[in-house]
Amino acid sequence: MATFTFELVSPERVLFSGEVDAVVLPATEGDMTVLAGHSPVMTTLKTGFLVVTSTPGNGRRVLVRGGFADVNPNGLTVLAERALPEEELTQDILDQEILTAEMHYDATNEPAAKHAAESAIAQLREAKAALNF
């Protein structure tokens, strides 16, 4: 299988930089899988798990909250507003993320912002369930 260059960056740090087989993105229009040779595209991300596969059958999950992905001839770059590798997630961290999203929901009367916060809360609760917290 062909590989491509993938870089995952959050404001705090570079979380991943290297050759991968595939990346599954939690795009706002629905999950999408990027493979080598993917057509150029730019998309926004919702809260959810990004899955990086660098060897067949071995996926690494990272919880992302917002940002965007840029697929171009050089590979894939994801700029995440927030990114937490699965191994760093704890129940307390997820509870804090949910609380922050709930505060964003309560702080706005704009329908689009309320919907985005509602969606983030649901995705974070799903992540918590998926990790058995």
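1. Two strands pair if DSSP finds at least two bridges between them. Strands here are DSSP runs (E, at least two residues), as are helices (H or I, at least four), and both are numbered from the N terminus. With that in hand, have a look at S7 and S8: a hairpin joins S7 to S8 through two residues. These strands run antiparallel, and 10 bridges join them. One place to look is Gly 67, whose bridge partner in S8 is Ala 80.

2. A word on the model before you go further. This is a predicted model, in which local features need pLDDT of at least 70 and side-chain atom pairs count only at pLDDT 80 or more, while totals for chains, interfaces and linings use all residues. Residues are numbered from 1 along each chain as its sequence is written, and side-chain values use heavy atoms, with hydrogens and water left out.

3. Now follow strand S1 (4-9). How do S1 and S8 pair, in the parallel or the antiparallel sense? They pair in the parallel sense, over four bridges. With S2, in contrast, S1 pairs in the antiparallel sense, over six bridges. S1 and S2 also form a hairpin, with four residues between them.

4. Next, please look inside. In soluble globular proteins, nonpolar side chains tend to be buried together. A nonpolar core is a set of buried Ala, Val, Leu, Ile, Met, Phe, Trp, Tyr and Cys residues joined through side-chain atoms within 4.5 Å. Buried means under 20% relative accessible area, exposed means over 50%, and partly exposed lies in between (1.4 Å probe, protein chains only). The largest nonpolar core has 22 residues, and Phe 6, Leu 8, Val 23, Leu 25, Leu 50, Leu 76 and Val 78 touch the most other members. Strands that each supply at least two residues of this core include S1, strand S3 (22-27), strand S6 (48-55) and S8. Apart from this core lies another, of 12 residues, among them Phe 49, Leu 63, Leu 124 and Leu 131.

5. Leaving aside neighbours within four places in sequence, Gly 75 is in contact with Phe 4, Thr 5 and Asp 70. The C-alpha atoms of Gly 75 and Pro 40 are separated by 9.0 Å, although these residues are 35 apart along the chain.

6. On to the charged side chains. Side chains of opposite charge can pair when their charged atoms come close. A salt bridge is counted when a side-chain nitrogen of Lys or Arg is within 4 Å of a carboxyl oxygen of Asp or Glu. How many salt bridges does a search of the whole structure find? It finds seven.

7. Start with Glu 97 and Arg 82, a salt bridge whose closest N and O atoms are 2.6 Å apart. This pair links distant parts of the chain: Glu 97 is in helix H1 (residues 91-107) and Arg 82 is in strand S8 (residues 75-85), 15 residues apart. Is Glu 97 buried or exposed? At 5% relative accessibility, Glu 97 counts as buried, whereas Arg 82, at 28%, counts as partly exposed. Arg 65 joins these two residues in a network of salt bridges.

8. Two further salt bridges connect the helices. Lys 128 and Asp 95 meet at 2.5 Å, N to O. Lys 128 lies in helix H2 (residues 111-130) and Asp 95 in helix H1, so the pair ties together parts that are 33 residues apart in sequence. Lys 128 is buried, with a relative accessible area of 18%, while Asp 95 counts as partly exposed at 31%. In the other bridge, the closest N and O atoms of Glu 102 and Arg 125 are 2.8 Å apart. Glu 102 is in helix H1 and Arg 125 in helix H2, 23 residues apart.

Definitions and conventions:
Contact = heavy atoms within 4.5 Å.
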